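Open the structure in your viewer and keep the selection tool at hand. The stops below say what to select and what is there.

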Amino acid sequence: MTAPSQVGYQDVLRVWREADTIPEIEHAWLFDHLMPISGDPAGPAYEGWTLLSALAAQTRRLRLGVMVTSNRFRPPAMLAKIAATVDVVAGGRLDFGIGVGSRPGHPPARREYEAHGLPFHDSTRAVASLAEACTVIRRLWTETEPFDFHGEHVRLAGAFGNPKPVQRPHPPILIGGRSGPTLRVAAEHADLWNIPGGDIDDAVSRGKLLDRYCADLGRDPATIVRSIALQVSYDRPALTRAAIGEALDAGFRHVVLGLPAPYPDGVARWVAGELVAPSA
């Protein structure tokens, strides 16, 4: 994962092009913030989906996505169109990551909304809106006739998606988050569930809660791939290797390694040699 903030486009492109040549690295991710959430608050931050489309056109093998899209930023029908376009550009390599959006108590993230004229609704509404968004997005990707949708938060008339994504029936849906209400949405809609690191015991506990929600819905929890995001330490790779080992032992099979900026030369090959291969 290369957070597209406090870096330049060419920096991110360099890492992704290198990673695209390394089979041990299976996927690459951006984040979805409109302003920096760390470092210089006036520094650069690129819009995630626009950048993802550019990177999709510059790579050939990597699966790719946004970890995770804020459902608060874009209307879901518009987001479905954007994501379908990226999947076409990528030749069917998109993993569609989505979540509730920025934490209300995180001021560097919260400021994005007023700065861009976006409403910031409470968590209850945001989670309910996420569930409706997942329903609408899947329908736009798969249904062949226009439809109306009259939800509590999403309302569409004559909705229709064309082109469809390359992947059938649709790109895998990854839902990110750790709260109980978000896990309920993941149990219903997710092909993959990502938790943003933290204490491994808490991650395991959250996974068990997801299992219970799946049981309530009559869904086999094994149909949801478990994903975890871990931060990389360039200076202390043994710590990162240990964290990867813990995650694998805990049943997480989709590991996202966050690369701190600036990115050293050859960082993708270093990740494969120092972190991925020893943990395989």
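Buried means under 20% relative accessible area, exposed over 50%, and partly exposed in between (1.4 Å probe, protein chains only). Helices (H or I, at least four residues) and strands (E, at least two) are DSSP runs, numbered from the N terminus. This is a predicted model, in which local features need pLDDT of at least 70 and side-chain atom pairs count only at pLDDT 80 or more, while totals for chains, interfaces and linings use all residues. Residues are numbered from 1 along each chain as its sequence is written, and side-chain values use heavy atoms, with hydrogens and water left out.

**Helix α8**

Select residues 237–249, which form helix α8. Its buried residues are Pro237, Thr240, Ile244 and Ala247. Seen down the axis of α8, these residues fall within an arc of 80° (the arc of the directions from the helix axis to the C-beta atoms), so they line one face of the helix.

The expected span is 1.5 Å times one less than the number of residues. Just after α8, select Gly251, which takes a positive phi of about 100°.

**The nonpolar cores**

A nonpolar core is a set of buried Ala, Val, Leu, Ile, Met, Phe, Trp, Tyr and Cys residues joined through side-chain atoms within 4.5 Å. Select Trp16, Trp49, Leu52, Phe96 and Ile228: these have the most contacts inside the largest nonpolar core, which has 73 residues. Helix α5 (residues 123–142) gives the most to this core, with nine residues. Apart from this core lies another, of seven residues, including Trp29, Met67, Leu174 and Leu192.

Leu140 is found in helix α5. Is Leu140 buried or exposed? At 5% relative accessibility, Leu140 counts as buried. Leaving out residues up to four places away in sequence, Leu140 touches Ala77, Ala80, Phe147, Ala159, Phe160, Gly161 and Lys164. For a distance check, pick His121: it is 19 residues from Leu140 in sequence and 25 Å away in space, C-alpha to C-alpha.

**Helix α6**

Move to residues 180–189, helix α6, which is mostly covered, with seven of its 10 residues buried. Those buried are Gly180, Thr182, Leu183, Val185, Ala186, Ala187 and His189. They pack against α5, β7 (173–176), β8 (192–195) and α7.

**Ser70**

Select strand β3 (residues 69–70), where Ser70 is found. Ser70 counts as buried, at 3% relative accessibility. Neighbours within four places in sequence aside, Ser70 is in contact with Asp32, Gly99, Val100, Gly101, Ser102 and Tyr113.

**The whole chain**

Zoom out to the protein chain, which has nine helices and 10 strands. Its radius of gyration is 18 Å, close to the 19 Å that the globule rule gives for 280 residues, so the chain is as compact as a globular protein of that length. The radius is taken over C-alpha atoms, and the rule is 2.2 Å times the number of residues to the power 0.38. Buried residues make up 49% of the 280 residues.

Conventions:
Contact = heavy atoms within 4.5 Å.
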